[in-house]
Amino acid sequence: MSGAREKKRAKKMRNQPASVTLPAEPGPFPAGGSRACPPPGDVRSEGLLQYQQQKFLHQSPGTSYRKDQYFPKGQNRGGRGRGRGGWQGGCQSASEEMPKYITASTFAQARAAEINAMLKAVAQKSSNSLVFQTLPRHMRRRAMSHSIKRLPRRLHEIARKEAEKAVHQKKEQSKTKCRKARRRHINLVAEFNRRQRKNIWLETHIWHAKRFHMIKKWGYCLADRPTEKSYRACYRAMTKHCLLQDLSYYCCLELNGEENELLKQLARICSPDTGLMFGAEFCLSGRFEGSLNLYRADHYPEDMLGPVTFIWKPKDGSENRQLWIWMHPALKQDILNELKEIFQCSEPEEICIPEPFTTLIQEEKQTDVAVSLGKKRKKEDKDGEKAVPVKKIIGDGTRDPLQPYSWTSPATGIVISDQSMEILRYRLIGPLSHSVLTETLKAAALQTEMADSETELNNWWVENCKDSEKVSLHQQQTAIFELLEGISSPAEVPAGTILGLTVGDPRVNLPKKKTKAMPDPEKYRDYDKVRQLFLEGVPVGCAHSFIWDHDICKNVTENKISEQDLNHMRGQLLVPGSQLDLGPCESKIPVLLVQQPGKMAGEDRPGWGSGWDICLPKGWGMAFWIPFIYRGVRVGGLQESLKHSEYKRTPHTPNDYPDCPAGIQFAKELENSLLEKFKRRPPAKRANYVKLGTLSPFLCPWGQLTKNWEERLKASGEFVCPSFPHTESCATKGQSLCDPKPEVVKEASPETGEVEQTMEISSEGALMTEDVAGTQGFGEGDETMTRSIFIVLRSEKLLMQLSAWCYPTSGKDRRDRLVSRLGQKEMTEHALLPILMSYPRAIVWVNLSLLRKGNPELHAMICIPTEEDFLHLSKDQLFCGPQEPKHCDIFKHKIQKLKRKKKKKEEEEEDVKALESDPPGISDKEITEEHKDLILGLWSDPLPDVTSHCSRTLLGYVTRGDFSLAAGCGEALGFVSLTGLLHMLHRQPTDKKGLVLLRTPASLQYRFARLNIEV
């Protein structure tokens, strides 16, 4: 039977009763008919069944079979068309086989069942069509869909039930159904406000959402990376032109109070050992921006809070000072709580009560119909004047809108204000970022008369222009700003330079098409002034800006000229496309320019990644953003910011701060995401980290790493004195700190006892499998488990000494000048002992550069090379590195046993009900609890000794790694144990200082890398 005939037959037979069955391919028989199989459960006699089926087959008009099935071989196929001999023969044979008698009751029961099935099939709806759709086409009318009376009377009741059912299921139609209504400005604003109740949008959100992948982080909706391919283009922009980033999600806390009281309390949360303090002279004057690390009060070097930058307002003769502290949103809550605690701020000064979100219906009720026809309805403000609704910014992503935004101290009078989202911050990175600024921004023109007495536009600027001192200061700031066109790179300006300025509306001098901002060669003629700027920096007075005044910022935001009005003015120009001159009606905006120094540590690429930050009042985000875009900048997101810090070799917040709460939270979230991604793959398509010897592929166990190194040091008896702190029992007795020739050992399966794998393990210790419960549980009962049990070394003096010790003192790679500049102290036991006593569990920030090919990855292991590795490298300069022997999976048999037991239990539960009353045995519960966290390919907690698990001693982990376009080779950033680093440097030859091995989590190949500490 062909496919079309099969479909046609199936369509006709789909509603047939179940007691009637016909074969798909009926077999031929001599009479020209076919013999059907009796249906199951039929009580008729065999003769009657054959008669009925033969009769049905010959008389049914709905069946169509191939002709060769009705005529056996040798019979004339054309006989059916010429005469009726074929049909007569079939009827004669059927009559010959007809039974002589039937049972009436049984026959009636079978027919009744068929009739009931047929009636049920007819009454049941076979489709989702309505009643009027079941009528023949000639009886259908268009009015039947909404008028029941147009249907035949017999269908009225069914149609009425369908209509009632449709009313209940019908959803309430939206008031703004059509696109034209949805795109109205008032409706768009209401929709945007609704969509940012949970995650706040930046002012450039809509621009980014059309061009970037957006993610929700830290209470904001931020741009992660561009949708177009721009990895190398962004690097070129940072290196040769300019890269633009919106950092408005960074949080700003403003401290206002007496200077001495501020400095006294702020000194408790930072340390001079790490670098700058809040009271640094050049920062206290307001000329430069400072950066430091904050700790909990009087807890240095423990309890890290995170890195911040700060700006002091220049002195104006008053005893009270203003201080801005800028921080990452992930750090804000911890730092704010600590500031409120040290300043004893308990009562809020003012509570922010946000305006309720207005819906479309409410906004329509508030509008009035214009008297004259053709005018659009507009929302009215409290004064009755028509006003276009603006975007509502209620709070910020790091605090609840109903929480206070200002706190005051009754004892000292110090006020802490949350200025997040009140001040916008853009960052321009690249050697031509100053050219973009000078082309985009033009200093505001002086104004002594009000443009319109009815409005408050520029009234603050008119009042300040009447003061000759402020006019002179503005002219001096303008002259310095114009000098920026004569420098070749922002790195030439002193690091952290601050320049205050008042500029005009940047939308006025917008170019006709995109251009690339370039430096002006004529400005290089003022060599003396530029050189004076390089040496002395910006004068103290020029760092002043009106952006510190909240009233002025509020005035500037509220009196901004809308885009609609500007476009209307452009349309009235006599010469289309000419520059618009607003005169006294042009807005004046106070801004603050802050120089970003770029790469300062190390010898290579000094000043790379330098640029400028610009701070603006809120509401002016897009007014400055679009002019920057028209000057040829390339825009970056969070990923570009991460790469910028990676090429600068500086820690990124919060990724590279594992000792602060935000860093710990980030590590947990990263581990969960990587683990979920690992579980989504089948076991055959993912790496088996147990066989690869990777104990923790998704998380860096810093606490266990430092603890294991401390135990190794005690067990070896090296650098030991009677007063060595934290004396505890060592779990690794008998281990040696040297790295001699590896031994070959055999590993046996825990289930079968057979030798499965041959592995090289150094004499530092055998592979721990079962007796490791005390290793991971160290300090669990201690109070310090709520905090990190390790610290990150940030003492500049010690870091400079370690940096000098990491360089070779002999051979072709030695750097005598750098070593002599960093430190003269030799590496002896007397020099190492005080460091180990002061910081027994510390990790150090390092950067690594691969000597040969290779691409380091996240959570790669940093290991110590053995003497054989150095010997092989000296013989073969192309030697990439050794290989880790393959480990055996000691959890594989346990997981397989658990799966078999689970499968057997499920089969038993499905088999009988008696198993429900029989509770599972105690042994089953114990096995389930013991192996519930077992995942094929991963180590289960607790972990063994992480330092001696592999053939090469573990030193640390990589937190970020990739091929560096700036260096032209694979580079990695991470942390190593301070104890392990000193041990390695003390043991290594003078010409091999700082050489380590890198191994990615999913590989057995080690690769040589050079370890550096840049200060």
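A salt bridge, as I use the term this morning, is a side-chain nitrogen of Lys or Arg within 4 Å of a carboxyl oxygen of Asp or Glu. With that criterion, Lys-599, Asp-604, Arg-605, Arg-649, Glu-971 and Glu-1014 are linked in a network of salt bridges, and a search of the whole structure finds 31 such bridges.

Before the individual pairs, some caveats. The model is predicted, so that local features need pLDDT of at least 70 and side-chain atom pairs count only at pLDDT 80 or more, although totals for chains, interfaces and linings use all residues. Residues are numbered from 1 along each chain as its sequence is written, and side-chain values use heavy atoms, with hydrogens and water left out.

Let me begin with a pair inside a helix, where helices (H or I, at least four residues) and strands (E, at least two) are DSSP runs, numbered from the N terminus. Glu-191 forms a salt bridge with Arg-194, the closest N and O atoms lying 2.6 Å apart. The two are three residues apart in helix H9 (residues 185–195), and are therefore separated by about one helical turn. For burial, I call a residue buried under 20% relative accessible area, exposed over 50%, and partly exposed in between (1.4 Å probe, protein chains only). Glu-191 is partly exposed at 32%, and Arg-194 counts as partly exposed at 44%.

How far apart in the chain are Arg-425 and Glu-289? Their side chains meet in a salt bridge of 3.0 Å, N to O, and this pair links distant parts of the chain, 136 residues apart, with Arg-425 in strand E12 (residues 423–429) and Glu-289 in the loop between helix H13 (281–284) and strand E6 (290–295). Arg-425 counts as buried, with a relative accessibility of 3%, and Glu-289 also counts as buried, at 13%.

Another bridge joins the side chains of Lys-992 and Asp-991, at 3.9 Å from N to O. Here Lys-992 is buried, with a relative accessible area of 16%, whereas Asp-991 is partly exposed at 34%.

Finally, I turn to charges without a partner. Patches are made of residues with over 30% relative accessible area and no salt bridge, like charges being joined within 9 Å and nonpolar side chains (Val, Leu, Ile, Met, Phe, Trp, Tyr) within 5 Å. Glu-906, Glu-907, Glu-908, Glu-909, Glu-910 and Asp-911 gather in a patch of negative charge on the surface. Among them, Glu-908 is found in helix H31 (residues 892–911) and counts as partly exposed, at 36% relative accessibility.

How values were computed: Areas by Shrake-Rupley, 256 points an atom, 1.4 Å probe, with all protein chains shown as cover. Lys, Arg positive; Asp, Glu negative; His and termini not counted. Charge placed at Lys NZ, Arg CZ, Asp CG, Glu CD.
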